[in-house]
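Work through these exercises with the model open. Each task is followed by a solution in steps.

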Amino acid sequence: MEPETDHSRRKLRLTVAVWRTLAGAVATLGVGFFVAAVGFVGFLSQLRGAEIQPERKADGIVVLTGGSSRVSDAVELLAGGYGRRLLISGVHPTNEASDITRSLPEARSFINCCVDLDYSAINTRSNAAQTRRWASERGFKSLIVVTSNYHMPRAIVELSHAMPSMDLIPYAVVGEKWRDEPWWTSAPTVRLLLSEYAKYVAAEMRLRLADLGLDLAPEFDPPTGSVSRRPTTAQAN
């Protein structure tokens, strides 16, 4: 009877170990889900639900391309005297100046004199690198940042890291769909926000590790001369 008892005890210990492992995994997943949910709520709290004019003027304005009406809003800020020059970062090489002047003919004179273009930026990180170069060349100390409300947290994280001493003034563009219906009632909007939150967390983690000397994705400066002075409109990210 003794061998059978030992076998039963080993089986019981194995069963207990398995259940403890499963319980630990479930607890870890639960904690991870809770932390992610709290972080997502914090992310949502940063998103503006209405467009608010900047509280002060700045040396320059930068618009990160990709969302509806970002460029037109940035040009209107330039025309309103909120900055001396405007950088449109992430312009598609096939777009022409007529794409802006056609939609904003009253801003033609501002576009011809005071708009610079960045054709090389392909993501938010390279937007920040090009903006740093553009602002440094002009001696700017303050910038109004124009991008969609859901993209603003990540944009500010990247720009702040690229230009720690720059005074950044957010101008969040709010799309029509965001104003017309609660975000949680639209499956595409929920997916967009979850995707943007994941990118935001990834950017935060990468930059925090870089600050600790663990730069897993070193930044490469774009080639000199990649910012053009010929105005045009922007591509979609």
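**Exercise 1.** Find the residue just after helix 2 that takes a positive phi, and state the angle.

Solution. Step 1: go to the end of helix 2, residues 70-79. Helices are DSSP runs of H or I, at least four residues, and strands are runs of E, at least two, both numbered from the N terminus. Step 2: read phi just after the helix; Gly81 has a positive value of about 80°.

The model is predicted: local features need pLDDT of at least 70, side-chain atom pairs count only at pLDDT 80 or more, and totals for chains, interfaces and linings use all residues. Residues are numbered from 1 along each chain as its sequence is written, and side-chain values use heavy atoms, without hydrogens and water.

**Exercise 2.** Trace the salt bridge between Asp116 and Arg138.

Solution. Step 1: apply the criterion (a side-chain nitrogen of Lys or Arg within 4 Å of a carboxyl oxygen of Asp or Glu). Step 2: the pair meets at 3.2 Å, N to O. Step 4: check burial; Asp116 is buried at 0% relative accessible area. Step 5: widen the view; a salt-bridge network links Arg85, Asp116, Glu137 and Arg138.

Methods: Buried < 20%, exposed > 50% of the residue type's maximum accessible area, 1.4 Å probe, protein only.
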